[in-house]
Amino acid sequence: MTQHDAHDRVEPDNDTGTIVAIRGGVVDVRFAKLVPAIRELLYVGKTALEVSGLEDKGIVRCMALGPVRGLGLGMSVRATGAPISVPVGDAVLGRMFNMFGEPIDRKPAPLTVERRAIHQAPPRLEDRVVRSKVLETGIKAIDLLSPIERGGKTGLFGGAGVGKTVLITELINNTVQQYKGVSLFCGIGERSREAEELYREMGEAGVLDNTVMLFGQMNEAPGVRFLIGKTALTMAEYFRDEQHRDVLLLIDNIFRFVQAGSEVSGLLGRMPSRVGYQPTLATELAELEERITSTRSAAITSIQAVYVPADDFTDPAAAHIFSHLSGSVVLSRKRASEGLYPAIDPLASSSVMLTPSVVGQRHYDIARGVRRTLAEYEELRDIIAMLGIEELSAADRATVARARRLERFLTQPFFTTAAFTGTEGRRVTTVETLEGCETILNQTHFERNESDYYMIGALSDLETVV
Ligand SMILES: Nc1ncnc2c1ncn2[C@@H]1O[C@H](COP(=O)(O)OP(=O)(O)OP(=O)(O)O)[C@@H](O)[C@H]1O
């Protein structure tokens with residue numbers, strides 16, 4: 001819905017309603033004359049409301065998009081005649097915004113003439129395209145096992161504190177500088193401290209000029225966290241459709257969008273369905289995810305961190321998000337607890353890009369070889385724990401030696417963690433990663449200790465280890 005009958009209004013009083021009920025973040029407003037449309041933006045003083053349902057007798061049910069403290073029955077509400085719209089185009093580059101498209105970087109609002117409503121339909125199916133190209137990240141485990149699709153959607157899945165934010169920040173660091181198009185970072189429902197740090201870091205890295213940052217963090221109203229993704233998409237779509245520029249869209253954390261939807265749904269009095277989620281989960285998610293797509297005009301490549309509640313990958317929110325993605329990088333608590341960072345689970349991570357026709361036969365074979373070796377090692381672990389490594393055959397012992405070196409070789413020092421790990425970050429090309437893994441896979445005897453392979457970049461770094 002973008003058009004509205006605002007023009008029909010003649011008398012200012014037609015635009016004014018009265019609050020008749022307030023329950024938490026839900027406000028009911030009665031309009032005597034013209035009733036606002038669904039998704040219209042209303043104001044009570046400075047507090048914004050969005051119409052989410054039409055009741056009878058001229059009453060609209062609204063979601064508050066700001067603090068409801070201070071609101072009271074009988075207060076007058078002003079209709080704006082339009083949905084929320086945000087600035088788009090070059091004027092937003094290098095800036096940081098909230099869900100309303102208002103600057104939060106202490107600089108004046110961009111001088112832009114163009115604004116767009118945040119609710120838009122996804123491109124038609126026949127206009128969507130798949131390109132099957134890989135975006136190199138310089139992170140060994142990702143480029144090898146779960147190559148990121150240019151123009152596709154990749155999820156970074158993990159429970160609390162396993163390194164999602166660190167990984168997404170590293171991806172920004174490694175890809176934004178090389179990326180020719182525009183980068184958009186959208187923070188949903190995470191800590192606001194992280195937002196400020198990121199803004200500062202990007203400024204220091206000198207990549208702000210082609211970047212837009214948007215935040216609806218955990219301290220904000222559920223309606224804001226629910227809509228911030230749409231603000232980001234609206235800006236991204238403008239670059240894609242009007243300027244034909246490729247967009248890199250990073251979202252931290254898409255689960256918080258689902259969670260905000262569930263809070264809103266609860267406030268609106270809808271019955272929850274499976275495991276307490278909103279009955280509308282699938283539709284809400286599809287409305288957002290289907291807009292994140294590549295068209296003939298240009299590509300949107302998206303990387304989305306996905307919080308997995310209680311490490312349960314069968315959680316309906318995680319499962320629904322998964323169904324929209326072309327690749328998934330799964331972070332494992334076990335690996336994190338062993339200090340094997342990034343804690344990427346090589347067996348659970350996958351990507352549609354990992355086929356011989358896209359990455360080439362050699363890459364495909366090496367990735368399979370690594371997976372097979374690590375899977376065999378997993379099976380041997382129990383025997384080792386019970387009987388000791390001496391009981392294994394020579395061939396199995398060689399597998400264990402290879403697997404443990406591969407595991408360590410797939411760890412990597414990050415630029416973004418250098419300050420607290422004391423190790424300078426390393427970017428590794430896919431060519432180097434493949435060479436390293438191939439060498440380890442083909443070896444039966446190792447002169448170097450497995451610990452030498454830990455937190456290095458390319459295998460050639462071993463020459464500098466004494
Ligand atoms: N690549 C890494 N190298 C070294 N340490 C790491 C790495 N990744 C994560 N850590 C450690 O794990 C901690 C948690 O990481 P992070 O904040 O990224 O987790 P998260 O999954 O985003 O957590 P949350 O769900 O709480 O947002 C970091 O503060 C750091 O100590």
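Author: Let us start with K57, which is found in the loop between β4 (47–54) and β5 (59–64); helices (H or I, at least four residues) and strands (E, at least two) are DSSP runs, numbered from the N terminus. The model is predicted: local features need pLDDT of at least 70, side-chain atom pairs count only at pLDDT 80 or more, and totals for chains, interfaces and linings use all residues. Residues are numbered from 1 along each chain as its sequence is written, and side-chain values use heavy atoms, with hydrogens and water left out.

Reader: What is the phi of K57, and is K57 buried or exposed?

Author: Most residues other than glycine have a negative phi, and most peptide bonds are trans. K57 is not a glycine, yet its phi is positive, about 55°. K57 counts as exposed because its relative accessibility is 68%; buried means under 20% relative accessible area, exposed over 50%, and partly exposed in between (1.4 Å probe, protein chains only). D311, likewise a residue other than glycine, has a positive phi near 55°. D311 sits in the loop between β16 and α7, and at 32% relative accessibility it counts as partly exposed.

Reader: How should I read the pairing of strands? In what order do the strands of the closed barrel run?

Author: Two strands pair if DSSP finds at least two bridges between them. The closed barrel has six strands in the order β1-β2-β5-β4-β3-β6, and their pairing is antiparallel. Its neighbouring strands are turned by 45° against each other on average, direction ignored; axes are lines fitted to C-alpha atoms, for helices over the stretch in contact, and angles run from 0 to 180 degrees between N-to-C directions. Strands β1 (residues 16–23) and β2 (residues 26–31) share six antiparallel bridges, and T18 faces R30 in β2.

Reader: Where does β6 pair, and over how many bridges?

Author: β6 pairs with β1 over three antiparallel bridges, and with β3 (residues 41–44) over two, also in the antiparallel sense. R78 of β6 stands opposite T16, and R78 is also the bridge partner of Y43. On β6 (residues 76–79), V77 and A79 form the covered face, whereas S76 and R78 form the uncovered one.

Reader: Which strands stand at the edges of the open sheet?

Author: The open sheet has eight strands, ordered β8-β14-β13-β15-β16-β12-β17-β18, with mixed pairing. β8 (95–97) and β18 (350–351) are its edges; each has a single partner strand, so one side of each lacks a neighbour in the sheet. Within the sheet, β13 (residues 182–188) and β14 (residues 211–216) pair in the parallel sense over six bridges, where S183 is opposite T211.

Reader: How is the packing of two helices described?

Author: Two packed helices are described by the angle between their axes and the distance between the axes. Helix α10 and helix α13 (residues 430–442) pack at about 50°, their axes 10 Å apart. That angle makes α10 oblique to α13 (angles under 35 degrees count as roughly parallel, over 145 as roughly antiparallel, 65 to 115 as roughly perpendicular and the rest as oblique).

Reader: At what angle do α2 and α3 cross?

Author: The axes of α2 (residues 164–175) and α3 (residues 192–205) come within 12 Å and cross at roughly 20°. These two helices are therefore roughly parallel to each other.

Reader: Which residues of the largest nonpolar core touch the most other members?

Author: A nonpolar core is a set of buried Ala, Val, Leu, Ile, Met, Phe, Trp, Tyr and Cys residues joined through side-chain atoms within 4.5 Å. The largest one has 57 residues, of which L144, L167, M213 and V370 touch the most other members. Helix α10 (residues 361–387) gives the most to this core, six residues. A second, separate core of 56 residues includes M63, I251, L268 and L325.
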